[in-house]
Amino acid sequence: MTPKEWYLAAEAAEKAGNLYDATKLLDLGLAEHPSSADLANSAGSLALRRNEASSASSHFKKASELQPDNLDFKLNLAISLTEIPNYEAALALLHEIEQRARHWARYWSIRANAERSSGRLSAASTSYEQCLSLDDAHVRALHGRARVALERGEPLASQYFDRALARNQGDADLWLGKAQALSAEGDYAGARHVVEQIVSAAPAFLEGLRFLAQLRLAAGEWEFAQHFHMAATAAPNDQNIPKIHAYLLASADRPSEAAEISHAARMRFPDQPAFALAEASYASAAGQTLRAEGIFAELQLDTVDRFVQECRHRLRQRDFDKANLLASQALTHAPDDVSAWALQGLVWRLVGDERAYWMHEQPALVQTRALEGRSTLLERISEALNALHDRSSFPLAQSLRGGTQTPHILFARCEPVFAELHDAIVHTLRSYRSALPPSDETHPLLSYRDKPWRLGGSWSVRLNGGGDHHASHIHPQGIISSALYIQLPEASSRNNKEACLEIGRPPPDLNLELGPLTTIAPEVGELALFPSTLYHGTTPFSEGSRMSVAFDIISSRQQRDD
């Protein structure tokens, strides 16, 4: 068979729904015609459609090597590298071919997607604009440009969504973006009207369901997740609806209700052990010990999540030997899992294991550093953040108990003052890193001591006097967590227990009699840095406001593993 005949046979198989046969036919065709760049490219495209980005990348790379001047093959390779994700390689390839491809709208769309995916939102904005200058009806670029406007906090981002919707009225994600942009602009009624229409038309659109819950929670509605019941009735076979519904209720300190949602889903989907695990976990958190015990005893599931959740249950029951075994099992399966390490640290403290010192109590793992270059920066940041918080709301499924949190990535915003703050933090991190103990490949933080770091997320929280605080929690995506103090209540001082950061105190649902390892009485302009495997929370304060900026440090190695 000729390469074209192999391709046509694979195409027919795919159209018939036989993706395995289509892949097999292309593999056979490539074995017979190893120098066919077109077949290699077709195999890469099929692999992408099967969500097999690494395989697609190998095929596209081969096609590009066979025909080095074919720009389509190189652009396909860049797409697959972005999907892996290997953003640096994708962008390096795109920069390499810029001079030859810069007149193609497709080139700029692919480049903008790689830049946006890697967090380079300013560059993505420029690339989307370049794409639209070549093709003002480019649907992907219109959508991407609107999303970047929202994520960067650009004024009147809703107008970008209007422009995109004019070309693509049927895209639910565009309508969701319009609702989110209206909310960011302070039009909460308009945002709610749009998102209610979305979930009515598309009841299984999970992000729409989540955003409606966010709006209802911000409005102070106790039944902020009630619409998940209606969605489950409209889409009874969608397992994600009850899963997210239960999670949101548990995050709002309503584990008993979460357990009931999980139980109903468990009955409806008896072949899905994840719902049994969820019911056991939430029942345990609600104090329903016998119910949780019975489910854990019968659960046939050997996953990291099972080990972590049952470890939490065993800690509540003071069964430290079993908890220790479960934490160890979780780390055997996932050596970098932050949640498992956090629980292991608690177990070691509780049983007096000397490894507790090694893990969290070595000098300089927890540090406070004065923000470098802060002369006039703090005043300008305070003004900008207060303006943002005035338009922000209480967040969904976060550790806050009162107060507001800024949406999206703070350091990606378009205002220059946030880029300035980012740079000041990066400089301050150097002194933190230099003071750390030596590298240790077995340690959850020190194994990353000498590897590349980057800021993986950023946000600001403003708490008010009278009870607002952070419940004890961890950031499971980071290696280092933080708090930079921008504004503090006047009563806060080194000798006052109000508005403090407690590091090492377990979350309240574990019912453990362990206090914090360290208590930091904050000062404006100070940056607290500590391992992400340490639980941390704040103490309430009587009056005034407490505003901070937080971020997580992640490692390049950690990102690849994720």
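Modeller: Trp-341, Trp-348 and Trp-358 form a cluster, linked by ring pairs. The rule behind this takes rings of Phe, Tyr and Trp (for Trp, the six-membered ring) and pairs them if their centres lie within 6.5 Å. Planes under 30 degrees apart are stacked, those over 60 are edge-to-face, and the rest are tilted. This is a predicted model, in which local features need pLDDT of at least 70 and side-chain atom pairs count only at pLDDT 80 or more, while totals for chains, interfaces and linings use all residues. Residues are numbered from 1 along each chain as its sequence is written, and side-chain values use heavy atoms, with hydrogens and water left out.

The rule gives seven aromatic pairs. One of them joins Phe-411 and Phe-551. Phe-411 sits in the loop between strand 3 (404–405) and helix 25 (416–435). Phe-551 belongs to strand 11 (residues 545–555). Helices and strands are DSSP runs numbered from the N terminus (helices H or I, at least four residues; strands E, at least two).

Both of these Phe residues are buried, Phe-411 at 12% relative accessible area and Phe-551 at 0%. Buried means under 20%, exposed over 50%, and partly exposed in between, with a 1.4 Å probe and protein chains only.

Next come Tyr-432 and Trp-453. Their ring centres lie 6.5 Å apart with the planes at 50 degrees, so this pair is tilted. Tyr-432 is in helix 25 and Trp-453 in strand 4 (residues 453–464), so the pair ties together parts 21 residues apart in sequence. Tyr-432 and Trp-453 are both buried.

Now the setting. The chain has 26 helices and eleven strands. Its radius of gyration is 26 Å, close to the 24 Å of the globule rule for 562 residues, so the chain is as compact as a globular protein of that length. That radius is taken over C-alpha atoms, and the rule is 2.2 Å times the number of residues to the power 0.38. The C-alpha trace spans about 80 × 60 × 55 Å along its principal axes. Of the 562 residues, 51% count as buried. Among contacts (heavy atoms within 4.5 Å) with a separation of 6 or more, 64% come from residues 24 or more positions apart.
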